[in-house]
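Here are my notes on the model you sent, written as separate points so that each can be checked against the coordinates on its own. Please have the structure open as you read.

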Amino acid sequence: MNETRVIETNRGDRDDEQLPSSAVNSVFTTRGLTVYYGDFRAVGDVDLDIAEGEITAFIGPSGCGKSTILRCFNRMNDLIDSARVEGSLLYHDIDLYDDAVDPVAVRRRIGMVFQKPNPFPKSIFDNVAYGPRISGIRGSMDELVETSLRGAGLWDEVKDRLDKSALGLSGGQQQRLCIARAIAVSPDVLLMDEPCSALDPIATGIIEELMGEMKKDYTILIVTHNMQQAARVSDRTAFFTAEADEATGQRRGKLVEYDDTSVIFSNPADERTEAYITGRFG
Amino acid sequence: MSVKPAGRPDKPTLGSLQRSRSADVRGQVFLGLLLLAVTLAIGMVFAVLLSVIADGADVLSSRLWGFLSNPSSSDPVKAGVVQGIRGSLLIAAIVSVVAFPIGIGAAVYLEEYADGGPVTRTVEIAVRNLAGVPSIVYGLFGLAVFVNTLRGITGGSSVISGGLTLSLLVLPIVIITASEAIRAVPSSLSDGAYGLGATQWEVIRTQTLPSAMPGILTGSVLSIARALGEAAPLLVVGAAAFYTTGFQGFLDQFQGAFTALPMNVANFAKLPADQWAGHAAAASVVVLVVVFFINLVAIVARARITKRLGR
């Protein structure tokens with residue numbers, strides 16, 4: 001599942017002077033990425049190289065800032081008035097936080113699946129067609145809707161009730177509908193924020209299997225509380241933690257270690273990572 | 001410092017698990033008070049309804065059509081409320097056209113665009129206070145602005161002046177109820193739309209407003225009912241107690257003399273009771289029926305929207 005890679009990506013120590021360049025194309029490159037909520041520094045100094053066509057998992061205890069970092073990648077943090085982002089975040093060598101970059105255009109290329117399934121109160125068909133329609137695509141959507149639903153492994157279950165409300169689907173089906181909705185706009189990247197935390201193990205298994213197939217077409221970033229899930233699906237894993245600041249006592253998130261998933265789960269460099277994955281902490 | 005654990009509890013007996021009614025006296029008293037409150041509330045509504053219907057039954061049963069279709073008259077047998085019905089319906093239309101778009105627009109701005117800073121909060125507090133201003137004050141404002149200053153447009157004491165005055169009266173209610181309906185839309189919906197690359201305008205148009213629409217409709221209907229029941233501001237603005245409908249040009253329909261159903265009620269009530277018994281009550285029944293039908297339209301509309309949203 002996780003073939004060993006020749007990429008040296010260990011970010012255990014922030015004091016590395018130069019980051020080794022990735023052997024695979026980087027979709028995202030962050031350096032010193034830091035997010036503030038007002039004066040509160042929620043998570044800071046995150047250096048990551050996200051490889052194309054891979055699944056990267058963010059793990060760590062609650063409050064470590066992994067979801068906050070994830071929401072930087074499609075500028076969803078822009079919607080929170082108090083949020084402020086510092087450091088650099090390159091998407092294919094484009095600074096995502098450049099003044100000239102329109103977050104709306106960013107989000108059409110970088111899709112997102114949320115923690116709680118959030119289908120729109122519309123028909124299944126209209127949910128999938130929503131993104132293409134606001135992107136200005138006109139005409140018959142039948143083929144696009146079918147392809148997207150097939151891509152999310154939902155077509156066979158819903159093909160006879162496309163005009164029925166999406167709210168009548170089960171939780172797992174709703175989440176796959178949200179995935180279909182996200183891939184209907186042909187994104188480059190999918191951000192998944194704890195996509196299975198509201199689902200039962202069977203629905204979770206289906207979505208994990210789906211992610212394995214989707215990585216052919218999309219780069220996937222997933223935040224998960226479930227370490228087994230990270231171990232099962234991801235190629236690389238970033239471990240975040242929250243530590244009390246000496247000066248203020250506030251708990252702030254930081255990136256501890258970023259490496260191949262096999263390394264993180266078998267031979268982590270940092271003892272905090274080891275404590276977390278062996279269940280002694282967090 | 002810590003409370004010592006009591007250890008394993010004794011084996012349960014049936015008695016220890018039985019409900020002892022006497023122990024929950026306060027709960028029972030509370031429930032009794034709630035029942036009393038509900039009974040009183042419903043009882044009062046029915047008392048009002050029944051007394052109005054009983055008082056008006058004579059007029060309504062003996063000459064219903066004449067009462068509905070005749071204009072005001074000094075003859076109790078001929079007097080009718082058609083002018084009041086016409087005025088009230090025009091007022092409802094003006095309120096719908098003026099107060100709803102402005103009120104809903106203001107609510108969307110306050111909830112979706114305003115920064116939530118001190119200015120926004122001040123405006124919100126001001127709107128809430130305006131909802132509590134006595135209606136007669138709006139009447140005085142309407143007299144000064146719509147009847148006098150803008151006489152050239154409104155024609156003075158006209159249904160336009162009355163409708164605009166009542167639009168102002170209900171505007172805070174529309175803003176408050178629409179704001180609450182918009183705030184109640186789960187952020188997961190707008191997040192989902194933003195996540196697909198929707199602009200703020202697209203999110204508001206395709207998610208926020210449709211989801212908030214049932215709540216907005218409820219508030220709008222309440223405000224129409226409020227507007228249709230007001231007599232005091234119309235009195236100040238100059239609704240006629242009595243006028244004869246001669247030939248009226250199109251503009252005169254809007255700029256000429258007018259009255260409304262609550263004015264009919266008030267006027268009938270002032271007339272000598274020996275000949276005019278029941279007229280005020282009968283006009284009240286007409287107000288209730290008109291409001292009921294407007295409510296019905298809104299309930300049907302809300303049900304259709306809700307169904308379309310699949311909830």
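1. The model is a predicted one, and local features were taken up only where pLDDT is at least 70. Side-chain atom pairs were counted only at pLDDT 80 or more, whereas totals for chains and interfaces use all residues.

2. In chain A, 10 strands make up an open sheet of mixed pairing, and their order is E5-E4-E1-E2-E10-E9-E3-E8-E7-E6. Strand E5 (94–95) and strand E6 (110–113) of chain A stand at its edges, and because each has a single partner strand, one side of each is left without a neighbour in the sheet. As a reminder on such pairing, strands of a sheet are held together through backbone hydrogen bonds, in either the parallel or the antiparallel sense.

3. Is strand E10 of chain A largely enclosed or largely open? Seven of the 10 residues of this strand (residues 251–260) are buried, so E10(A) is largely enclosed by the rest of the structure; the cut-off for buried is a relative accessible area under 20%.

4. E10(A) pairs with strand E2 (residues 40–51) of chain A in the parallel sense, over two bridges, and A:Gly253 in E10(A) is the bridge partner of A:Val43. With strand E9 (residues 236–244) of chain A, E10(A) pairs in the antiparallel sense over nine bridges, and here A:Tyr258 in E10(A) is the bridge partner of A:Ala238. The hairpin of E9(A) and E10(A) has six residues between the strands, and in this hairpin A:Gly249 takes a positive phi near 80°.

5. Elsewhere in the sheet, strand E3 (residues 55–59) and strand E8 (residues 219–223) of chain A run parallel and are joined by four bridges. For A:Phe58, the bridge partner in E8(A) is A:Val223.

6. Turning to the interface, 23 residues of chain A are in contact with 21 residues of chain B. The area buried between the two chains is about 1,700 Å², and carbon and sulfur atoms give 60% of this area. Two salt bridges are found across the interface by the rule used; B:Asp191 forms a salt bridge with A:Arg71, with the closest N and O atoms 3.9 Å apart. The rule also finds three residue pairs in polar contact across the interface, both residues being at pLDDT 80 or more. On the side of chain B that touches chain A, the elements that give two or more residues are helix H8 (187–195) and helix H9 (200–229) of chain B, and H8(B) supplies the largest share, seven residues. The residues on this side of chain B divide into seven nonpolar, nine polar and five charged.

7. Within chain B, B:Ser135 is found in helix H5 (residues 135–149) and is buried, with a relative accessible area of 12%. The side chains of B:Ser135 and B:Glu230 are joined by a polar contact of 3.0 Å. Leaving aside residues up to four places away in sequence, B:Ser135 touches B:Leu169, B:Arg226, B:Glu230, B:Ala232 and B:Pro233.

8. B:Glu124, in helix H4 (residues 118–130) of chain B, is partly exposed, with a relative accessible area of 27%. Beyond residues up to four places away in sequence, B:Glu124 touches B:Leu110 and B:Glu111. The C-alpha atoms of B:Glu124 and B:Ile175 are separated by 9.3 Å, these residues being 51 residues apart along the chain.

How values were computed. Residues numbered from 1 in each chain as written. Chains lettered and ligands numbered in written order. Heavy atoms only, no water. Buried < 20%, exposed > 50% of the residue type's maximum accessible area, 1.4 Å probe, protein only. Pairing = 2+ DSSP bridges. Contact = heavy atoms within 4.5 Å. Buried area = accessible area lost by both parts, 1.4 Å probe. Salt bridge = Lys/Arg side-chain N within 4 Å of Asp/Glu carboxyl O. Polar contact = N/O pair within 3.5 Å; in protein donor to acceptor, adjacent residues only side chain to side chain. Nonpolar A, V, L, I, M, F, W, Y, C, P; charged D, E, K, R; others polar.
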